[in-house]
Amino acid sequence: MKQSFAIGIGGAAGQGVATPGDIFAKIFSRRGLHLNAYNAYQSIIRGGHTFLTIRTGPEKVTNMGDRLDLLIPLNQDAMDRHLRLLAAGAACIYNSDTIKPGVAAKGAELCPLPVSKLADITRNKVAQNTLAVGAGLSMMGIGFQALEQVLGEQFKKKGDAMVSENIAIARAGYDYAAANFRPFARPLPMTANRYAVLSGNTAMAMGGAAAGVKFYCAYPMSPSTGVLHWMAAHARKAGIMVRQVEDEIGVVNMTIGAAHAGVRSMCATSGGGFALMSEGLGLSAMMETPIVVIDCQRAGPSTGVPTKTEQGDLWQMLGAAFGDYPRAIAAPLDVGDCFKIIPEIFNIADRFQCPGIVLCDLLLAEGRLSVDPKDLDFAPVVDRGELITTASSGPNGDSVYKRYKITQSGISPRAIPGVAGYTHTAASDEHDEDGVLISDEFTNPTKRRAMMEKRMRKVTGIAAAAPPPVLWGPRDADVILIGWGSTKGVIEETCEILTEEGISASQLQIRWLVPLHGDAILDILKDARHTMIVENNYSGQFARYLRSETSFVPDGYIRKYDGEPFMPHHIVEAVKEQLSGKSRLSVPAHEILV
Amino acid sequence: MATALAATNHVAMADLKGKVDPDWCPGCGDFGVLAAVQKALVELQIPNYNVVTISGIGCSSNFPGFINTYGMHTLHGRALAVATGVKLANHDLTVLVTGGDGDGFGIGGNHFVHSMRRNVDLLYIVMDNQIYGLTTGQTSPTSRVGMKTKSMPFGNIEAPVNPISLALAAGATFVARGFSAEQKHLTELIKQGIQHQGFSFLDVFSPCVTYNHDNTYQWFRPRVKKLEDDPAHDPADWMAAMGKALLWDEEIPIGKFFERTDLPTLHGAEPVLNAGPLVHADSQIPADVSRAFVEELM
């Protein structure tokens with residue numbers, strides 16, 4: 001098994017869970033270690049309970065994992081909730097002035113810090129956090145210098161005095177642990193690699209900047225707001241117009257307006273905001289104005305659980321807006337893919353003049369991952385499709401220009417406003433080749449049919465433009481696990497664990513939901529010995545979709561809809577349960593109470 | 001290039017004639033608005049390819065199809081949101097938004113208010129007929145109390161919105177009212193609205209000859225009084241404009257209620273646009289900038 005080390009930091013919102021998390025993350029990534037961070041939190045600004053898991057290791061870390069090596073509870077509540085998660089070899093560092101320890105499992109070490117003796121808590125309210133970070137790093141066998149440097153950066157803005165005060169507190173924790181606590185058995189190594197650590201939201205925003213997005217707008221909605229925050233903070237340097245709009249209806253229509261005027265335009269929201277946008281999706285499709293909309297799924301329906309993850313919006317995406325129209329829907333597989341998928345889907349949206357939907361979820365949007373900076377490519381292929389931007393660049397011109405010219409591909413050259421000789425009206429009403437409405441006085445079944453067929457012919461082109469999925473692992477494995485989007489990492493690790501335990505397992509992870517490539521999927525699965533569909537929702541939305549498109553029915557289903565992501569052991573146990581014939585539907589229970 | 005063409009090519013009425021003739025009912029007030037917009041564009045010599053006419057849904061929202069400019073016939077109530085996107089992507093374009101009272105003050109009310117406070121640089125012409133026409137005659141947000149329609153057969157019990165006072169309150173920097181039957185006056189207001197830098201709101205009485213038997217040409221004619229004929233009216237005086245906005249029934253002012261030119265437009269306030277319209281910007285951001293974005297994360 002790969003070496004990995006996981007830290008859990010729990011406390012109330014506002015107690016400063018994020019800062020020690022950021023410090024650990026920075027130190028790990030600078031040591032060339034991979035990293036995955038997931039924050040389980042509640043929709044509350046002060047109070048409640050939040051639990052951050054940071055998992056690191058010299059090899060790829062794709063999910064939060066099963067095991068906690070170090071627990072840092074910042075209050076009694078966190079101690080009471082999580083101590084029971086620790087197994088032999090793990091440790092719990094806590095403030096012994098304010099927190100009573102519970103009973104730890106055999107072999108798990110309780111490490112009390114006499115905080116008021118080690119630091120002046122009247123001066124520094126978060127001294128316990130800094131002491132714990134120092135103590136933890138000491139037990140991990142990481143030199144103090146790394147921490148000193150990060151603290152220097154962290155508190156630089158607050159002045160030298162603040163920097164030295166925090167370094168002194170951290171040092172006290174570091175030295176106290178060295179003298180009093182047992183170090184972890186397997187120290188974390190260093191590698192020569194250097195990673196960028198970022199959230200899926202940051203990755204999608206940066207992917208947009210790389211794709212040449214010049215207009216971004218949004219209405220704040222968890223868990224998509226991080227895209228807006230990155231865009232807003234970097235807008236002026238990146239040359240992107242970023243607006244916060246009155247509602248998501250305004251958002252999608254403003255995005256369409258900017259796209260129509262000729263720039264790449266993007267917006268992001270969550271399920272509720274997306275519901276408001278759906279009429280706009282149809283407008284984008286009908287006017288053939290390409291836009292990209294990101295949906296960061298959270299647990300629904302309605303306001304649902306705003307801070308929890310789910311893959312429950314698939315059918316909303318498939319059915320968004322009335323009528324038939326071409327669309328592309330992609331679900332990024334991990335944080336790095338959140339970046340990569342944006343230029344890819346923009347090329348499809350632009351070429352086929354249709355809406356592109358990125359179906360992300362809270363797990364990726366707010367989770368953080370170490371990514372090789374080489375994978376953040378700011379010079380990707382940009383294909384704007386058949387776009388007329390100057391008076392001489394299009395075919396013919398003047399009076400013969402037909403915005404919705406009927407073509408074999410279904411793609412009609414698109415002139416942007418401001419170009420002489422190409423004036424036309426783009427309409428949400430059904431229209432003729434030259435843009436004239438046929439919906440009112442001139443309704444004409446022949447023309448309507450021709451225009452429907454013209455638009456829908458683009459579906460063939462879209463299918464060819466998006467690559468079909470591939471199987472990771474042998475076709476004749478004991479089990480093939482089928483997932484989509486964000487479950488890639490956890491299923492990958494599940495397959496490794498199962499294979500190590502003697503059950504060969506392969507993975508089919510779906511990235512393009514539309515086009516689905518049903519034939520390719522059926523071909524991959526035709527000799528499968530046992531198939532299970534893994535997804536984060538109640539009704540098996542992807543399973544139902546796959547069945548509707550291909551008639552394929554798997555042997556079993558593994559689902560989770562409690563708001564928390566899968567952990568590898570959830571799927572491992574479900575696979576074993578199903579292979580032994582005990583069940584066809586497994587719904588693992590989440591052990592971490594957050 | 002646009003400027004060069006404009007200088008050599010004279011813009012004539014014929015250039016602005018749409019691909020199809022309007023299908024409005026004979027006598028509809030919207031004909032007068034269309035003619036006035038075309039005249040204003042000719043008088044200002046704005047080439048048709050630099051104009052985007054954007055509408056929502058409704059009788060008057062069919063407007064973009066009847067004029068030869070770039071046009072967008074969007075969703076019910078959403079024209080202003082779309083228009084804001086167009087203007088921010090290419091602020092060299094002249095943006096006209098056309099629609100009706102139901103489209104703008106009913107379903108589009110939210111965007112109406114927010115577009116005004118943002119001072120988006122465009123002219124918004126509402127062809128206000130105090131009724132829903134295309135859905136065959138229901139009460140609109142500007143229908144008077146007591147008016148009988150198919151949706152309120154026993155008379156409207158809801159107070160109408162006052163578009164002029166609403167626009168003044170929401171921060172529109174140019175607020176005017178016209179009457180479709182007063183062509184010269186209306187054309188002048190449209191020209192001023194296009195030239196005004198910022199959000200120009202022009203509410204136009206555009207009688208519905210089919211469904212509104214209360215607010216007819218005959219009803220409006222004796223009541224409308226041009227503000228321009230009142231030597232005491234000062235369009236820079238917001239409080240006075242608000243006072244005029246509240247007049248109704250016996251005397252209904254038309255003309256320019258209010259204008260201020262000291263506030264930045266939305267596109268003027270955003271430094272991202274200092275280098276020119278985004279539509280002409282390089283797709284790729286400079287390598288040193290993107291490198292710095294990545295380094296922040298390390």
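How many helices and strands are there in chain A? Chain A has 18 helices and 24 strands, where helices (H or I, at least four residues) and strands (E, at least two) are DSSP runs numbered from the N terminus.

## Ground rules

This is a predicted model, so to speak of local features we need pLDDT of at least 70, and side-chain atom pairs count only at pLDDT 80 or more, while totals for chains, interfaces and linings use all residues. Residues are numbered from 1 along each chain as its sequence is written, and chains are lettered from A, with ligands numbered from 1, in the order in which they are written.

## Chain A as a whole

Chain A splits into domain 1 (5–180), domain 2 (197–375), domain 3 (387–465) and domain 4 (471–586); the bounds come from an automatic or database domain assignment. Between the C-alpha centres of domain 3 and domain 4 of chain A there are 42 Å.

Take the C-alpha atoms along the principal axes and they fill a box of roughly 85 × 60 × 40 Å. For 594 residues a compact globule would have a radius of gyration near 25 Å, and chain A agrees with its 26 Å. That radius is taken over C-alpha atoms, and the globule rule is 2.2 Å times the number of residues to the power 0.38. Of the 594 residues, 56% count as buried (20 or more other C-beta atoms within 10 Å of the residue's own; exposed is 12 or fewer, partly exposed is in between, and C-beta atoms are placed from the backbone).

Helix α12 (residues 335–352) of chain A has 18 residues and reaches 26 Å from first C-alpha to last, close to the 26 Å expected; the expected span is 1.5 Å times one less than the number of residues. There's a kink of about 30 degrees at A:Ile341, shortly before A:Pro343, the bend being the angle between axes fitted to the seven residues ending there and the seven starting there. All in all, 18 of the 18 residues of α12(A) are buried, so the helix is largely enclosed by the rest of the structure. Just after α12(A), A:Gln353 takes a positive phi of about 50 degrees.

The largest nonpolar core has 258 residues, and A:Val358, A:Leu513 and B:Val175 have the most contacts inside it. Helix α12(A) gives the most to this core, with 10 residues. A nonpolar core here is a set of buried Ala, Val, Leu, Ile, Met, Phe, Trp, Tyr and Cys residues joined through C-beta atoms within 7 Å.

## Helix α18

Helix α18 (residues 568–579) of chain A has 12 residues. Its buried residues include A:Ile571, A:Val572 and A:Val575, and the buried set packs against β19 (479–484), α15 (488–500), β22 (531–535), β23 (556–559) and β24 (585–586) of chain A. Contact means that C-beta atoms, placed from the backbone, lie within 7 Å. Just after α18(A), A:Gly581 has a positive phi of about 85 degrees.

Chain A has a cis peptide bond from A:Ser222 to A:Pro223, with omega near 0 degrees; A:Pro223 lies in the loop between β8 (213–218) and α8 (225–238). Another cis bond joins A:Gly300 and A:Pro301.

Over in chain B, B:Gln130 isn't a glycine, yet has a positive phi of about 60 degrees. B:Gln130 counts as buried because it has 24 C-beta neighbours inside 10 Å. B:Thr136, not a glycine either, has a positive phi of about 75 degrees, but counts as exposed because it has 11 such neighbours.

Note on methods
Contact = placed C-beta atoms within 7 Å.
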